[in-house]
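Colleague: I have a model open and would like to go through it with you. Could we begin with the overall layout and then turn to particular elements?

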Amino acid sequence: MDIEQKQAELIDHFVKKASSLKGTVLGPVIIEATSHPSLFAFSEILAVPSVAELEGTENSRYLDVLRLFAHGTWTDYKNNVERLPELISDQVLKLKQLTVLTLAETNKVLPYDQLMQELDVTNVRELEDFLINECMYAGIVRGKLDQLRRCFEVQFAAGRDLRPGQLGNMLQTLSNWLATSENLLVSIQEKIKWADTMSESDKKHRKDVEDRVEEVKKSLSLKKLHTVSRPTLTSEGTRRSTLNLVE
């Protein structure tokens, strides 16, 4: 089973489970979802009405945890640890995996120093083991570990849930790209038209030259024929003509 299909099945499972519960009993479901080793998308669970109803209640911290796993990073957790429940080890691992995905969204070359700081890793060996065993083997990223340059070169990274307002930015980016593509297409079409015009002009010029060459050839041929057809006097004829004149 591929990752996308597994994700879809897990999302459907937790959405149905959360939809059937309310209040405090949603806490364990959210912890289970954010601890699951194969689940990396949470926006659908956030959209469940009973989950959204946790806002402003005594159980709102579970909603905050779910939002953290949908959009946040390990650093975000550390900066807000006083108002969030303590994470279990599986949640810590998951949040650090998600942190790598967030970093890979904006930079395809991730320095080891940056990764160690963001993940609270103390040495390169520990960092590389984490990237290999917990990220690449999990299928959420692909890349190359460059020990010489001390960086991780990202070739692929799974996408995270869209943050609030991010969809509008993406649409604007796509709109700008579309406008640029249309302008480029117009420019290409104009160059093709210019090339076609130059090609026709070149063909006409070539034909004119060929016609002139043919005319010159015909003219030379006619002159040659005219020269060959003129009568010439032999030495005998010349002698007779001279005698006639003397007589």
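**Layout and local detail**

Modeller: Along the sequence, the elements of the chain follow the pattern α-α-α-α-α-α-α-β-α-α-β-β-α-α. Please bear in mind that this is a predicted model.

Colleague: How many helices and strands does the secondary structure come to?

Modeller: The chain has 11 helices and three strands.

Colleague: What share of the residues counts as buried?

Modeller: Of the 247 residues, 30% are buried. The chain exposes about 16,600 Å², and carbon and sulfur atoms supply 56% of that area. Among contacts with a separation of 6 or more, 57% are between residues 24 or more positions apart.

Colleague: Let us turn to α5. Is that helix mostly covered or mostly open?

Modeller: Helix α5 is mostly covered, with nine of its 12 residues buried. The buried residues include Tyr62, Leu66 and Phe69, and also Asp64.

Colleague: Which elements do the buried residues of α5 pack against?

Modeller: They pack against α2 (26-35), α3 (43-46), α4 (49-52), α6 (74-79) and α7 (89-106).

Colleague: And what is the span of α5 from end to end?

Modeller: Helix α5, residues 60-71, reaches 17 Å from its first C-alpha to its last, which is close to the 16 Å expected.

Colleague: Changing topic, in what sense do β2 and β3 pair?

Modeller: Strand β2 (residues 141-146) and strand β3 (residues 151-157) pair in the antiparallel sense over six bridges.

Colleague: How far is Val141 from Leu131?

Modeller: Their C-alpha atoms are 8.6 Å apart, and the two residues are 10 apart in sequence. Leu131 belongs to helix α9, residues 124-136.

Colleague: Why is Leu131 classed as buried?

Modeller: Leu131 is classed as buried because its relative accessible area is 0%, and the cut-off for buried is under 20%. Leaving aside neighbours within four places in sequence, Leu131 is in contact with Val100, Leu115, Met136, Leu145 and Phe152.

Colleague: Which residues form a nonpolar patch on the surface?

Modeller: Leu184, Ile188 and Ile192 form such a patch, with about 280 Å² of accessible area together. Ile192 lies in helix α10, residues 166-229. Ile192 is partly exposed, because its relative accessible area is 46%, which falls between the 20% and 50% cut-offs.

How values were computed. Residues numbered from 1 in each chain as written. Predicted model: local features only at pLDDT ≥ 70, side-chain atom pairs only at ≥ 80, totals over all residues. Heavy atoms only, no water. Helix = DSSP H or I, 4+ residues; strand = E, 2+ residues; numbered from the N terminus. Expected span 1.5 Å × (residues − 1). Buried < 20%, exposed > 50% of the residue type's maximum accessible area, 1.4 Å probe, protein only. Contact = heavy atoms within 4.5 Å. Pairing = 2+ DSSP bridges. Patch = residues over 30% accessible without salt bridge, like charges linked within 9 Å, V, L, I, M, F, W, Y side chains within 5 Å. Areas by Shrake-Rupley, 256 points an atom, 1.4 Å probe, with all protein chains shown as cover. Salt bridge = Lys/Arg side-chain N within 4 Å of Asp/Glu carboxyl O.
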